[in-house]
Amino acid sequence: AQALGLLANVMSGLVEVSAITYSSAVGACEQGSLWQSALGLLVEMASASVELDTITYNLAVSACDKGGELFAALRPLIEVSSAGVELDTRTYNAAVIACAKAGAWTKALGLLVEMATAGVELNTITYNAAVSACEAGGRWAEALTLLVEMASSS
C-alpha cells in the first residue's frame, strides 16, 4: 500500500518517476499478490515512456503467479516482445511455475521450447516446474523425458 501511495505521488509530480520507482511498486504488488495492480503498472510505465526492464517483468509475472492467475502471468511474456525487453531464465521460470500450479503442462512445455529457441538457459528450477506441470496433468511420460533431459544437460 505504501509503494502504491508513493506511486500516486509520482503521478502527481511530487516525486521523479523512474524505472526503479516503478520496479519497486511492482515488487510491492508482487509481495502482496496484487497481480492486477502489477499489470496496471506495466501499462503505466509504457504510457509514461519509462523504459521497461526484465526485473520489472519478472516481478509482474511473479505477482500474477502468486495471485493464482496463470493467463495473467503469461501476458507479460506475450507483451514483452513488442516492448523490446529481453526475457531471462527468471522470467520464464516464474511463468513455468504458474503453469505447474495450474496444471497447464502443454503451455509449460511450450515455454521450455521457447526458452531453448531464444537461447535462454533452462535450469533446475525450470525443469522441476515443468515436471510438476506434467505431474499435475497426469503426463508421466513427459515428466520422465524431462528428467532424462535435465540429467543429460547438467
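# Helix packing, burial and backbone angles

Guide: The axes of helix 6 and helix 7 lie 9 Å apart, and the two helices pack at an angle of about 165 degrees. Axes here are lines fitted to C-alpha atoms, for helices over the stretch in contact, and angles run from 0 to 180 degrees between N-to-C directions. The model is a predicted one, in which local features need pLDDT of at least 70 and side-chain atom pairs count only at pLDDT 80 or more, while totals for chains, interfaces and linings use all residues. Residues are numbered from 1 along each chain as its sequence is written, and side-chain values use heavy atoms, with hydrogens and water left out.

Visitor: What makes a stretch of this chain count as a helix, and how many helices are there?

Guide: Helices are DSSP runs of H or I with at least four residues, strands are runs of E with at least two, and both are numbered from the N terminus. By that rule the protein chain has nine helices and zero strands, in the pattern α-α-α-α-α-α-α-α-α along the sequence.

Visitor: Why are helix 6 and helix 7 called roughly antiparallel?

Guide: Angles under 35 degrees count as roughly parallel, over 145 as roughly antiparallel, 65 to 115 as roughly perpendicular and the rest as oblique. The angle of about 165 degrees therefore places helix 6 and helix 7 in the roughly antiparallel class. Their crossing is left-handed, a term for a near helix turned anticlockwise from the far one by less than a right angle (right-handed if clockwise).

Visitor: How do you know which residues meet where helix 6 packs on helix 7?

Guide: Contact means heavy atoms within 4.5 Å. On the helix 6 side the residues are T89, Y92, N93, A95, V96 and C99, and they meet K107, A108, L111, L112, E114 and M115 of helix 7.

Visitor: What describes the packing of helix 6 and helix 8?

Guide: Their axes are 8 Å apart, at an angle of about 15 degrees. That value makes helix 6 roughly parallel to helix 8. The contact joins T89, N93, V96, I97, C99 and A100 of helix 6 to I125, T126, A129, A130, S132, A133 and A136 of helix 8. This crossing, too, is left-handed.

Visitor: How do you know that the length of helix 8 agrees with its number of residues?

Guide: The expected span is 1.5 Å times one less than the number of residues. For the 13 residues of helix 8 (residues 124-136) this gives 18 Å, and the end C-alpha atoms are 18 Å apart, which agrees. Helix 2 (residues 19-31), with 13 residues, should likewise span 18 Å, and its ends are 18 Å apart.

Visitor: What makes N123 a cap of helix 8?

Guide: A polar contact is a pair of N or O atoms within 3.5 Å; within protein, one must be able to donate a hydrogen and the other to accept it, and residues adjacent in sequence count only if both atoms are side-chain atoms. A side-chain oxygen of N123 lies 3.1 Å from the backbone nitrogen of I125, and N123 caps the N-terminal end of helix 8.

Visitor: Why is C64 called buried?

Guide: Buried means under 20% relative accessible area, exposed over 50%, and partly exposed in between (1.4 Å probe, protein chains only). C64, in helix 4 (residues 54-66), has a relative accessible area of 0% and is therefore buried. C64 touches W35, L39, E69, A72 and A73, not counting residues up to four places away in sequence. N58, another residue of helix 4, counts as buried because its value is 12%. Of the chain's 154 residues, 42% count as buried; in helix 8 they are T126, Y127, A129, A130, V131, A133 and C134.
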